Amino acid sequence: MTLQPEAERDLIILEHIEQNPDATQATLAAQLGVAVGTINWHLKRLIEKGYVKVRRAERRKLRYIITPEGIALRARLTMDYIQTSFRLYRLVRQRTMEVLAQVEERGVRAVRVLGEGDVAEVCRLTCLERGVQVVEDELAPALTIQGLKIVLTGDGFDRNEEENHAS
């Protein structure tokens, strides 16, 4: 549910070129953490599609210029990125609220959040918004982050225990 890796790289490359038209393929590669050949491939594609023009600045130095079509592409990719980010935020928030409903049904007012990154941060903020305290107490139920999945574990909350009782 995120931007395709190719579209995400195109967006990042266009943003970098816009900020620094004198950027080299090597500096772009270093900023993106990819090989120079990968940047070369993306730039050739962007040039072929008319999103970027290349001019010789010096004997061995090129200057990349974003065309009006490239600016429109960057704007469209930026909007796609923002919309995807909000969809992911709403999804994580909804999943957190579903798990917190189970916690609140049992009168529990404190949980641990196990995981790092944006998903864990959305979980923490949603807990605080719902009046559920986020604690480090190992006896408290845990919201464990597994990618975009949020699993509730702890005393009486383990999924295996619920499945065993349902059998």
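**Burial and helix packing in a predicted model**

User: Which residues are buried in α4?

Analyst: In α4 the buried residues are Gly-70, Leu-73, Arg-74, Leu-77, Thr-84, Leu-88, Val-92, Arg-93, Thr-96, Val-99, Leu-100 and Val-103. Buried means under 20% relative accessible area, exposed means over 50%, and partly exposed lies in between, with a 1.4 Å probe and protein chains only. The model is predicted, so local features need pLDDT of at least 70 and side-chain atom pairs count only at pLDDT 80 or more, while totals for chains, interfaces and linings use all residues. Residues are numbered from 1 along each chain as its sequence is written, and side-chain values use heavy atoms, with hydrogens and water left out.

User: What does the span test give for the 15 residues of α1?

Analyst: Helix α1 (residues 5-19) should span 21 Å, and its end C-alpha atoms are 21 Å apart, which agrees. Its buried residues are Ala-7, Asp-10, Leu-11, Ile-13, Leu-14 and Ile-17. Among the elements that cover them are α2 (25-32), α3 (36-48), β1 (52-56), β2 (62-66) and α4 (68-105).

User: Why is His-42 called buried?

Analyst: His-42, in helix α3, has a relative accessible area of 2% and therefore counts as buried. Setting aside residues up to four places away in sequence, His-42 touches Glu-6, Arg-9, Asp-10 and Ile-13, where contact means heavy atoms within 4.5 Å.

User: What makes Gly-37 partly exposed?

Analyst: Gly-37 also belongs to helix α3. Its relative accessible area is 49%, so Gly-37 is partly exposed. Its C-alpha atom is separated by 8.5 Å from that of Gln-25, twelve residues apart along the chain.

User: Why does Thr-126 count as buried, and what makes Leu-128 exposed?

Analyst: Thr-126 is in helix α5, and its relative accessibility of 1% is why it counts as buried. Thr-126 touches Arg-93, Thr-96, Met-97 and Leu-100, not counting residues up to four places away in sequence. Leu-128 lies in helix α5 as well, but its relative accessible area is 56%, so Leu-128 is exposed.

User: Which residues have the most contacts inside the largest nonpolar core?

Analyst: A nonpolar core is a set of buried Ala, Val, Leu, Ile, Met, Phe, Trp, Tyr and Cys residues joined through side-chain atoms within 4.5 Å. The largest core has 19 residues, and Ile-13, Ile-17, Ile-39, Leu-43, Leu-46 and Val-52 have the most contacts inside it. At least two residues of this core come from each of α1, α2, α3, β2 and α4, and α1 gives the most, with five residues. Leu-43 touches Ile-13, Ile-17, Gln-25, Leu-28 and Tyr-64, not counting residues up to four places away in sequence. A second, separate core of 17 residues includes Val-103, Val-108, Val-111 and Leu-152.

User: Why are α4 and α5 called oblique to each other?

Analyst: Axes are lines fitted to C-alpha atoms, for helices over the stretch in contact, and angles run from 0 to 180 degrees between N-to-C directions. Angles under 35 degrees count as roughly parallel, over 145 as roughly antiparallel, 65 to 115 as roughly perpendicular, and the rest as oblique. The axes of α4 and helix α5 (residues 118-129) come within 9 Å and cross at roughly 50°, and the pair is therefore oblique. The residues making the contact include Tyr-89, Val-92 and Arg-93 of α4 and Val-119, Val-122 and Cys-123 of α5.

User: What makes α1 oblique to α4?

Analyst: The two helices pack at an angle of about 125°, with their axes 9 Å apart. That angle is why α1 is oblique to α4. Ala-7, Asp-10, Leu-11, Leu-14, Glu-15 and Glu-18 in α1 meet Gly-70, Leu-73, Arg-74, Leu-77, Thr-78 and Tyr-81 in α4.

User: Which hand does the crossing of α1 and α4 have?

Analyst: A crossing is left-handed if the near helix is turned anticlockwise from the far one by less than a right angle, and right-handed if clockwise. The crossing of α1 and α4 is left-handed, whereas that of α4 and α5 is right-handed.

Methods
Helices (H or I, at least four residues) and strands (E, at least two) are DSSP runs, numbered from the N terminus. The expected span of a helix is 1.5 Å times one less than its number of residues.
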